[in-house]
Amino acid sequence: MTLLTVNNLNVNLQTASGPARAVRDLNLTLEKGQTLGIVGESGCGKSMTALALMGLLPENATTEGSILLNGENLLEKSERELCTIRGNRMAMIFQEPMTSLNPVHTVGRQVMEPLRLHKRLSKAEAFEQAIRLLDRVGIPNPEERIYNYPHQLSGGQRQRVMIALALSCSPDILIADEPTTALDVTIQDQILELIQTLVAEEGMSLVLISHDLGVIAENTEKVVVMYGGTVVESGSTEQIFSQLTHPYTQGLFAAMPKLGLGRKGRLTTIPGTVPDLVNLPKGCTFTDRCPLATDICRNTPPPRSELGPHHQVLCHHLEQAIEARSRELYT
Amino acid sequence: MSNTASNSFISRCAKSRSFVIGGTITGFLLVCAIVSLFWTPGTVYDIVIKDRFLTPSADHLLGTDQFGRDVLSMLMTGTQNSITVGIVAVSIGLFAGVGLGLLAAARKGWTEELIMRLSDFSFAFPAILSAIMITAILGPGGVNSIIAIGIYNIPVFARLTRGSANAIWAREYVMAARASGKNKLSITLEHVLPNILSIIIVQATIQFALAILAEAALSYLGLGTQPPHPSWGRMLNEAQTLMFLHPMQAVYPGAAIALAVFGLNLLGDGLRDILDPRLSRKR
Amino acid sequence: MTKTVLEVTDLVRHYPLPKESLTAPPRYVYALNGVSFSIEEGKSFGIVGESGCGKSTLARNVMALESTDSGSVKIMGKEVVGLSFNELRPHRQHFQMVFQDPYGSLDPHHTVGRIVAEPLAALGRLSRQEKDERVAEVLTSVGLKATDVSKYPHEFSGGQRQRIAIARALITRPSLIVADEPVSALDVSVQAQVLNLLRDLQDDFGVTYMFISHDLAVVEYLCDEVAVMYLGSIVEKGKTEDLFARPAHPYTRILLDAVPQPAAGKKRDRIRLSGSVTGQTERRVGCAFRDRCPMATDKCAEETPALRQVEDGGHFAACHYSEEMIQRATA
């Protein structure tokens, strides 16, 4: 059953230097219980996509297209209607667990708040439920920890509290925006494991956003690769990582230091830097950094080609890109 | 700076409404003060008893006071006084306060402790009270009131400077400068001061307004500018006894003080918007 | 014979905590508990560990940016600990630092030329012309244009800013560069550019790196030797190949296992670490890692394991069971 469908989503931001196209022509589908990864570098539009899904875009943003949750278009909802959807049917975890918790309230109070608001539980019921939630996300001694303030918890524990908060109203979709970027590797490992278990047990769908290809590869079934506000490649995680196709995906993978490669060889680099969203080329956003780019790339948006079932690539020079897999695309 | 940068600086100034209005008011007061040095519509120092309490007319646009002096002229000449007090008092506070604040942030330890406790101590006295104390010791008079207000300004700037300077000292570029072997004095001058200057400038405009208020208050109490020099505060004082007979005598200087304070506060607000690097230099 | 550029012996740094009451015994954060290592000329020495393991404290102490409690730091044979700031200044040209945050480490009010020339102050008087020449030269060597001198940091992207920071560290032609997480704030594609630049600079100028990172793949790519730190002590050190192939300390093994792999295919088998870094405010007998160690026995609680050679070729580890770890890795 398709839970979430995003059709031709465009997000434009009004900035001091002109309108920025933060997201353009984005299409996504998410089935119930499915895990979807969005991968890309800073400024690729992945966080804006998450905020658009939650209806939390900044005030200078305008949207086009549609976001259908169970057939209802979220973009047409009023703020009030969105409030009942947020937390209840969709919940989000942010990158910085320190700033997303209120430092002047206890953990317990913050976990109880949505329970009382959305589920209309009594204080005692909410308290019970909060302890259960904290226990569920692996916080030791939840009966004591519930009285702690955020600063008394470690980074990993704060992120666990954030997850407890997100889970409190058993949402259908959990959106995790770089949930482990601020954490150490061993803690990252624990948190991702926790998210995996919870998603499987609660039957939730997961949208996992990360810049780390490793995190995406190990935790999702479907992947969307974004660059310059638009999707350049999408497909199942298996397909993407075994058949890296878009020049950007290939470059991104090659540029990443990987354990076990040792000091032999050199990292491949993609020339240039992440594009400025205010002056994007009309055509493919990767034009300026792509070794295969020709004139057509700059001026015409690339066509969407089906490489396999659900494996789509947006590139003008698909054959060359496929052919380049066996050799170094970047020199 | 390149040309485009200065253009955008001017356009940012023009865009900030409070900067434009505040700047206009402040500019107007400055012009009044300068003009009054050479010319005033009527006499300020001559007492003409027969002309007392004249209603506004072509000769006396705002009428005359109980000694027959031209009110408009007195207001204009009073501007000089207020601006002088503001500039001198703020300068005293600025140089001593910023210096002490920078010293406290750079030296830390007992130096910081001493400077901050001293400023806490002087904060414990209300501004006017400490000014009264100082004028009581040194005797009333224009210069003494300026010194009193200036001394009151020192801890204000010292605290602000130390707070913002401490934040700069924690930055990585200061660490980088230390790693390059720069000593604390050159780091203070090259890195800390330029980065907190905008905050200090904004505070200076606000203190300027407060200094004008304080001077008016001191003069009202008879501790500030002495007769026959006109001062807004003393005009209020003189009008006080005639409050019910000739209310306008109190309204004019009151309005002048309010206008000056309002203008300077707006200017400070506008400057804060313009100079704030978070607004102007978005990453 | 190769020259030793940096020799750190038994470095100790304890930060006093604010006293709880006047009569309470003083409490400390044990940030460094006797760290020793040395780096030879032209080599890269990596230091890895999770947040709070003392790696940044180590960097600041090596750079003589804060006072050291005890121990010795010799740079180019000269003792640095105990020298006053002014005595040290002429020596500073031999060791420079690159910081983590390319936004925070450059003064926004200074031009690039002024920023890069800053360390030259330690060299004493230089003519204007000589200064300009050296700035231009060092900017070109990090891949920037000599005409960039009059620009301000905000006109550059994150990767370019880090190049500026590297240029600043290089301008005195130092023997040692201490780099504290120099690439962790950068996007993957830009990170590869900076890593390659660091390698090239080492080939061209023969600089020695002390490279601090939490990213094991980055350390493997760049470093000849690695030390793993846990709670203020080195728990394992050795040649990168040896240490990564045959970790002799359980903590190293767990760190390596926790790195997510960007590859198609299913989950790896691995040891997961439970708990998070415990406090550094108490000193205890026994192995500091024993609470989280899957292999811990009674011996670990009674006897503090010393850092000892466990394999030929300078492979050291501080664990009672290193031989078993190595055996398991080779099997």
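This is a predicted model: local features need pLDDT of at least 70, side-chain atom pairs count only at pLDDT 80 or more; totals for chains, interfaces and linings use all residues.

Author: Glu79(A) pairs with Arg86(A) in a salt bridge, and their closest N and O atoms are 2.6 Å apart. The term stands for a side-chain nitrogen of Lys or Arg within 4 Å of a carboxyl oxygen of Asp or Glu.

Residues are numbered from 1 along each chain as its sequence is written, chains are lettered from A and ligands numbered from 1 in the order in which they are written, and side-chain values use heavy atoms, with hydrogens and water left out.

Over all chains, the search finds 28 salt bridges. In chain C, one of them joins the side chains of Arg13(C) and Asp69(C), at 3.3 Å from N to O. Arg13(C) lies in strand β1 (residues 4–16) and Asp69(C) in the loop between α1 (55–62) and β4 (70–75), so this pair ties together parts of chain C that are 56 residues apart in sequence. Helices (H or I, at least four residues) and strands (E, at least two) are DSSP runs, numbered from the N terminus. Arg13(C) is buried, with a relative accessible area of 11%, while Asp69(C) is partly exposed at 41%. Also in chain C, Asp242(C) forms a salt bridge with Arg246(C), with 3.3 Å between the closest N and O atoms. Asp242(C) has a relative accessible area of 15%, which means that this residue is buried.

Salt bridges are found between chains, too. Between chain C and chain A the count is one; Asp200(C) and Arg266(A) form a salt bridge in which the closest N and O atoms are 2.9 Å apart. These two chains meet through 44 residues of chain C and 44 residues of chain A, where contact means heavy atoms within 4.5 Å. The area buried between them is about 3800 Å², and carbon and sulfur atoms give 52% of that. On the chain C side, Val188(C), Pro260(C) and Pro262(C) lose the most area to chain A, together 17% of what that side buries. Buried area is the accessible area (1.4 Å probe) that two parts lose on being put together, summed over both.

Chain C also meets chain B. There, 25 residues of chain C are in contact with 18 residues of chain B, and about 2200 Å² is buried, 57% of it given by carbon and sulfur atoms. The rule finds one salt bridge across this interface, and Glu118(C) and Lys182(B) meet in a salt bridge at 3.2 Å, N to O.

Stepping into chain B itself, you will find 11 helices and zero strands. The C-alpha trace of chain B spans about 75 × 50 × 30 Å along its principal axes, and 48% of the 283 residues in chain B are buried. Chain B has a salt-bridge network as well, linking Glu113(B), Arg117(B), Asp120(B) and Arg159(B).

For a last stop in chain B, take helix α3 (residues 71–107) and helix α4 (residues 109–123). They pack at an angle of about 145 degrees, with their axes 7 Å apart. Axes are lines fitted to C-alpha atoms, for helices over the stretch in contact, and angles run from 0 to 180 degrees between N-to-C directions. From α3(B), Leu100(B), Leu103(B), Ala104(B) and Arg107(B) meet Gly109(B), Thr111(B), Glu112(B), Ile115(B) and Met116(B) of α4(B). By class, this contact has five nonpolar, two polar and two charged residues. For those classes, Ala, Val, Leu, Ile, Met, Phe, Trp, Tyr, Cys and Pro count as nonpolar, Asp, Glu, Lys and Arg as charged, and the others, Gly among them, as polar.

Notes:
Buried means under 20% relative accessible area, exposed over 50%, partly exposed in between (1.4 Å probe, protein chains only).
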